[in-house]
Amino acid sequence: MDTVRESDEEVFSEHEDLPYLYEGERNDQGERHGKGKARLPNADVYEGEYRHGYRHGFGKYVFKKLKGQSRSACYIGYYEKNKKNGQGTFLYPDGAKYEGSWKEDLREGFGTYYYPNADSYKGEWSKDKRNGHGTYTYAASGMVYEGQWVEGKRSGRGKLTFGKQSYVGNFHEDKMLGPGTYIFPNGSQQHGEYIVVEEEIEDENSHQDNEKSRTKQLKIKWISHGGINPPITIVKKETAIN
C-alpha cells in the first residue's frame, strides 16, 4: 500500500508574494478562509474549503503525476488543519483505492481497500494497517478470510473459505497456528490443531565424508484429532516458517 502525503508548502507560502498560487475567499486577516483553489509550488492542486489558512472541511487534492506513474494520486474527502480526517476516498497511482475513515492522515476506523491485483479488504483499520475485524478477498484464488487482524496480518480467530470448504481456527502473523476445524461440503468436520515442530532436513548439495549434512527447520504441522483428513489441495499440512 502506497503512502502518499499532501504538501504543506501552501501554508509556508501563505505570506509570500505569490498571488497566482491561490484563488478564493479570505478572512479579514488575509488568511485563506472559505472556498478556494490553490496551485502549490510543487505542482499539486487543492480545491475545497479552508479555515484560517489550513485545508479544513471538504476538498479535493490532486497530486502531481511523477515520472513513471500512469496516473496521479487523488484524495477526495474531509480535512482538519491540513490533515485527512473523517470520511474520504484516496485513489493511488498504482490503481489501488481506499474508501473510508481517516484520522491524522492515516487510515483509521472502518474502510475498504481495493488492491491493484483485484484483492479487497473491508473492515477495521488502525494507524494505516488492517487491525481489528475484517474480510479479505483473494481475487486470484477466490479464497475469503474473515476474522481478526493485528498490525496488518491475520492474527486471532478467523475463518478461511476456499470454494465450498472452510477452516475455522486460530491464526498468528498470517499463519494457521493453534486449534481449528475443517468443515467440508457434506457437513463432516475434522478437528485438530496446527503446531510448530522442528525437523531435520538433508542438504542434497552438501557431502562430507560421504554423509549428507543435516539442518534443522521449524515447520507448522497439522495434527488431527480424528475424522477425515483435509485434502492437500485445500491447505498444505506442513508450512515452513520463514
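A charge sits over a ring if NZ of Lys or CZ of Arg is within 6 Å of the ring centre and within 35 degrees of the ring normal. Keep that in mind for the opening stops. The model is predicted.

**Charges over rings**

Select Arg154 and Tyr145. The charged end of Arg154 sits over the ring of Tyr145, 5.6 Å from the ring centre. Now go to Arg130 and Tyr121. Here Arg130 lies over the face of Tyr121, and the distance to the ring centre is 5.9 Å.

**Aromatic pairs**

Next, show the aromatic side chains. The structure holds 32 aromatic pairs. One of them is Phe90 with Tyr92, a stacked pair with 4.5 Å centre to centre and 25 degrees between the planes. Colour both by accessibility. Phe90 has 1% relative accessibility, so Phe90 counts as buried. Tyr92 is buried too, with a relative accessible area of 3%.

Move to Tyr98 and Trp102. Their ring centres are 5.1 Å apart. Their planes stand at 90 degrees, over the 60 degree cut-off, so this pair is edge-to-face. Both Tyr98 and Trp102 are buried.

Which strand holds Tyr78? Tyr78 is in strand β5, residues 74–80. Its relative accessibility is 41%.

Conventions. Residues numbered from 1 in each chain as written. Predicted model: local features only at pLDDT ≥ 70, side-chain atom pairs only at ≥ 80, totals over all residues. Heavy atoms only, no water. Helix = DSSP H or I, 4+ residues; strand = E, 2+ residues; numbered from the N terminus. Buried < 20%, exposed > 50% of the residue type's maximum accessible area, 1.4 Å probe, protein only. Phe/Tyr/Trp six-rings, centres within 6.5 Å; stacked < 30°, edge-to-face > 60°.
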